[in-house]
Amino acid sequence: MRATDDKVPSLTFEPWPDKAGETSAVLAALGSAGDMTTGQGRILLRSDQDGDDLCRARVIRDSATGELAGAVGFRRLPVLLDERLVWTYVEIVPRLRERGLGSAALAHMTRMMSEMGLRPWGKAVTGSPAHRWMTDRGFRHQHRTRTFRVRPRAIGPVEHGYAIEWHEGPTWSPDDVMQAWWDFLDARVWPHPIPPTPMSQERRAFHCESWAPVVAARRLDGTIAGIGFLDEFPSDDGELSGGPVDPSDPEGRSIVAALLAACAEHLPGVRSLLLELSDSDGEDVVSFIADHAVDVLDDIVACTRD
């Protein structure tokens, strides 16, 4: 396929193939996934589906030659709680990039979305060419997520006024501890918070009945300031989800420090913890963790376009 700078070749958009061999041929032409967001984006490339899990995907070809040019697709994720937003992905075969094909593909899918009352969002590695590509096409920053590796014992002694509770097995933690965990999650759901969930339903949402611990930092007045949920089988790198229940809590730095100190005490065999933090976790908490991180595994930005 050849194209001049001022003319994009006419494109056709074929439904995503049902046959595994044809699917493999398209993915092979795209090449290896260069980063996590590329691999995740390719999950959207599948046969059309309606309903809550609405998705569309198309194979892009040169209308004149039939040459494969790339793929484009979108999918609605109910977890976003905004049915108008659909995760959108565009990928052009490497040797045909920077010719306007990606913009043409995005325009085609945007028209399809508009007819359904939908609008696109996408994600990319922060500062990457894909991020700049979205920004140049009218996408605006919405959400940044980073995964930090922290060594709790290296932070040093932590002075705080919280009573630390360590509950092994989230399904039998006290009700107010479980409620604090769900309040923590509800305060961080992007793009919209969700209504409160009854405790009976919250407990059913946990399928873990083993050791997986929950750590809580309780204030003197009895309220829970911070909460953390750890993975079931920690190794050298454990995983911690948690922080202040309220992301705007002015004591956010001391709360997360207290939670990490408790993890260092109760998990002597775990050298480091992985924490996935986003803009919704609060600037103080993110900056504290960033200051003490020994590594940043992922740095992903989500952008939307009206």
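User: Is V214 buried or exposed?
Analyst: In this predicted model, V214 lies in strand β8. Its relative accessibility is 4%, and the cut-off for a buried residue is under 20%. V214 therefore counts as buried.

User: How many residues apart in sequence are V214 and E168, and what is their C-alpha to C-alpha separation in space?
Analyst: Leaving aside residues up to four places away in sequence, V214 touches a set that includes E165, W166, H167 and P170, and also I227, G228 and F229. For the pair V214 and E168, the sequence separation is 46 residues, while the C-alpha to C-alpha distance is 6.3 Å.

User: Is R149 buried or exposed?
Analyst: R149 is found in strand β6, and, not counting residues up to four places away in sequence, R149 touches D237, S272, L273, L274, A293, V294, D295 and L297. Its relative accessibility is 18%, to be set against the limit of under 20% for a buried residue. R149 therefore counts as buried.

User: Which element gives the most residues to the largest nonpolar core?
Analyst: The largest nonpolar core has 26 residues, and those with the most contacts inside it are L230, L260, C263, L273, L275 and I289. Two or more residues come from each of β6, β8, β9, α7, β11 and α8. Among these elements, the one that gives the most, with eight residues, is α7.

User: Which residues does L230 touch, beyond those up to four places away in sequence?
Analyst: L230 is one of the residues with the most contacts inside the largest nonpolar core, and two others of that group, C263 and L273, are also among the residues it touches.

User: How are the axes of α7 and α8 oriented where they come within 8 Å?
Analyst: The axes of α7 (residues 252-266) and α8 (residues 283-292) cross at roughly 50 degrees, and the crossing is right-handed.

User: How do the residues of the contact of α7 with α8 divide into nonpolar, polar and charged?
Analyst: On the α7 side the contact is made by G252, R253, V256, A257 and L260, and on the α8 side by D284, V285, S287, F288, I289 and D291. Sorted by type, these residues divide into six nonpolar, two polar and three charged.

Conventions. Residues are numbered from 1 along each chain as its sequence is written. This is a predicted model: local features need pLDDT of at least 70, side-chain atom pairs count only at pLDDT 80 or more; totals for chains, interfaces and linings use all residues. Side-chain values use heavy atoms; hydrogens and water are left out. Axes are lines fitted to C-alpha atoms, for helices over the stretch in contact, and angles run from 0 to 180 degrees between N-to-C directions. Helices (H or I, at least four residues) and strands (E, at least two) are DSSP runs, numbered from the N terminus. A crossing is left-handed if the near helix is turned anticlockwise from the far one by less than a right angle, and right-handed if clockwise. Contact means heavy atoms within 4.5 Å. Ala, Val, Leu, Ile, Met, Phe, Trp, Tyr, Cys and Pro count as nonpolar, Asp, Glu, Lys and Arg as charged, and the others, Gly among them, as polar. A nonpolar core is a set of buried Ala, Val, Leu, Ile, Met, Phe, Trp, Tyr and Cys residues joined through side-chain atoms within 4.5 Å. Buried means under 20% relative accessible area, exposed over 50%, partly exposed in between (1.4 Å probe, protein chains only).
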